[in-house]
Amino acid sequence: MPLWLGIVLGVVGLLLGGLIVFLVPTFKKARAQNNAAKIIRDAEIKAEHIAKNAQLDGKQAITEMKIEAEKEFRDRKNELSIQEDKLLQREQNIDRRDGALTQKENALDEKAEFLARKIKEVDKKEATLQEKIDSIIVELEKVAQMSTQEAKDELFARVESKVSKEIAAFIKNKEDEAKESCAQKAQELLGLAMSKYAQETTQERTVSVVALPNDEMKGRIIGREGRNIRSLETLLGVDLIIDDTPEVITVSCFNPIRREIARMSLEALIKDGRIQPGRIEEIVEKCKSEVEETIHKTGQDVAFKLGLPRINKELLDIVGRLKYRTSYGQNALDHSIEVASLAGVMAAELGLDQNLAKRAGLLHDIGKAMDFEIEGSHVEIGARLAKKYGENDVVINSIESHHGDVEAKYVIANLVQAADTLSAARPGARSEMLENYIQRIEKLEEICKSYDGVYQSYAMQSGRELRVMVIPDKIDDVGAYKLAREIRERIENEMTYPGQIKVNVIREYRAIETAK
């Protein structure tokens, strides 16, 4: 290629390149301006459409709100119209009631005036009548030669005498009827209960005397300068009486548990032969453990024997302590078991809860196990223990009422009382000191002789029966029955005695003439 052609082509290329470089930005700018104008036109069109739509929506919303406001206004107007009608109706009703009340008030005023006039008339008549009555009373007092109070006293005395006899006769008739209907059933029930339960009459007594193999053992128990006996009395909490009686030591203590531990300890020491303070302490602790174990086992055995479930363990231990308690020579535990068995049999025959009756019978004397440690009677202590261990109300009432201290509220409580009397009163169950026996007999006869019309009285069958002879001219048949009740009540209120006492009032009239 020629050089000049190359140069020309090069110059042309440069010119074309420069032209292209100059024209390209101008072209892009023009195209961008066109695009921007188009976008602006489109936006203006859209904005115009949106404004038109918004204007239409606003008009439609205003129309709807106007319609809704008109509807609400109409509803309010209707409601106000209804309320106005109701208020108008109420006003009319009130007006009618007001008129009726006004009429009633007028009628009541007229009645009040009428009653006031009647009251005045009645007062006048009453005053007139009272004057006539007073004059009649004065005339009657003159005729009878007796004042009004004296006449009242005389009338009351006659009425009291008549009513007293009628009441006594009525009570006697009712009790005779009751006896006729229930005596046979009661005898059958008690006979059946006693036939189903038999207990030996020989009861265990408290052992308070320890036998010694020889008198030389007394010196060993006393020890050098009395150290052994002092140690024994301190550890056991009892008094050891060593007198001139050969081969005997007497244990004295109000606590039967301590007395039993002392007996066992002395017997163990005598058998062992080693009597000195160290050995004494060891033996006493061992005997205490044995007695506690025996008490616990005894309570468990009694509950098992009677078939009583769910008795508190601590309460069973207290039952076991009754093994070492006696009353009138009768062992308290054996007595409680016997009462439980009798009460259970009677409850079963009557269709009552047999286990509950047994439970009440077993626990009725539970207070005797603690009466030498806690202040109060065995009834009060027993009731507190039963409440403490959550016993049934029937059991608590049976404990409180078995000696008549409170009223028996349940049939089972009456059964326990009857069973307690049967157990205590049967022959051989209890022993009694001669002095107490004589005092009781004298007291019984003294009560009988304190009544007017009684000329002789006798206590028979070891004080279980009273025969009271009365003067027939002073006491009639009804009075004899009344006297028997009064004597019975005084005996129950003033005396303490085992079992029952039968009161017989005997009235006999003899017409005697002698032919000469």
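Predicted model: local features only at pLDDT ≥ 70, side-chain atom pairs only at ≥ 80, totals over all residues.
Helices (H or I, at least four residues) and strands (E, at least two) are DSSP runs, numbered from the N terminus.

Residues are numbered from 1 along each chain as its sequence is written, and side-chain values use heavy atoms, with hydrogens and water left out.

**The whole chain**

Start with everything selected and coloured by secondary structure: the protein chain has 14 helices and 8 strands. Of its 516 residues, 29% are buried (buried means under 20% relative accessible area, exposed over 50%, partly exposed in between, with a 1.4 Å probe and protein chains only). The exposed surface comes to about 35100 Å², and carbon and sulfur atoms supply 54% of that; the areas come from the Shrake-Rupley method with a 1.4 Å probe, and for residues only the protein chains shown count as cover.

Now think about contacts, meaning heavy atoms within 4.5 Å. Among those between residues at least 6 apart in sequence, 62% join residues at least 24 apart.

**Helix H8**

Select residues 332–349, which is H8. Its 18 residues reach 26 Å from the first C-alpha to the last, close to the 26 Å expected at 1.5 Å a residue; the expected span is 1.5 Å times one less than the number of residues.

Zoom to the start of H8 and show asparagine 331. A side-chain oxygen of asparagine 331 comes to within 3.0 Å of the backbone nitrogen of leucine 333. That is a polar contact: a pair of N or O atoms within 3.5 Å, where, within protein, one must be able to donate a hydrogen and the other to accept it, and residues adjacent in sequence count only if both atoms are side-chain atoms. After H8, pick glycine 351, whose phi is positive, near 75°.

**Helix H11**

Next, select residues 393–401, helix H11, and go to serine 401. What lies 2.7 Å from a polar atom of the serine 401 side chain? It's the backbone oxygen of asparagine 397. Serine 401 counts as buried, because its relative accessibility is 1%. Leaving out residues up to four places away in sequence, serine 401 touches Val406, Glu407, Ala408, Ala413 and Gln417.

Stay in H11 and pick valine 394. Valine 394 is buried as well, at 11% relative accessible area. Beyond four places in sequence, its contacts are Leu356, Tyr410 and Ile412. Draw a distance to arginine 359, 35 residues away along the chain: the two C-alpha atoms are 9.6 Å apart.

Bring up strand E7, residues 465–470. Since 5 of its 6 residues are buried, E7 is largely enclosed by the rest of the structure. Two strands pair if DSSP finds at least two bridges between them. Which way does E6 (residues 454–460) run against E7? The two are antiparallel, joined by 6 bridges; look for alanine 459 opposite leucine 466. Strand E8 (residues 502–507) pairs with E7 in the parallel sense, over 6 bridges, and here valine 468 stands opposite valine 505.

Serine 457 is buried, with a relative accessible area of 2%. Its contacts, again skipping residues up to four places away, are Glu445, Cys448, Lys449, Arg467 and Val468.

**Cysteines**

From serine 457, hop to its contact Cys448. Cysteine 448 is buried, at 0% relative accessible area. Cysteine 253 counts as buried too, at 17%. How many disulfides are there? The count is 0, taking a disulfide as a pair of cysteine sulfur atoms within 2.5 Å.

Most residues other than glycine have a negative phi. For an exception, select glutamate 225, in the loop between helix H3 (216–222) and helix H4 (227–236). Glutamate 225 has a positive phi of about 55°, and it counts as exposed at 71% relative accessibility.

Finish at arginine 310, in the loop between helix H6 (277–306) and helix H7 (313–321). Arginine 310 also has a positive phi, near 55°. Is arginine 310 buried or exposed? At 76% relative accessibility, arginine 310 is exposed.
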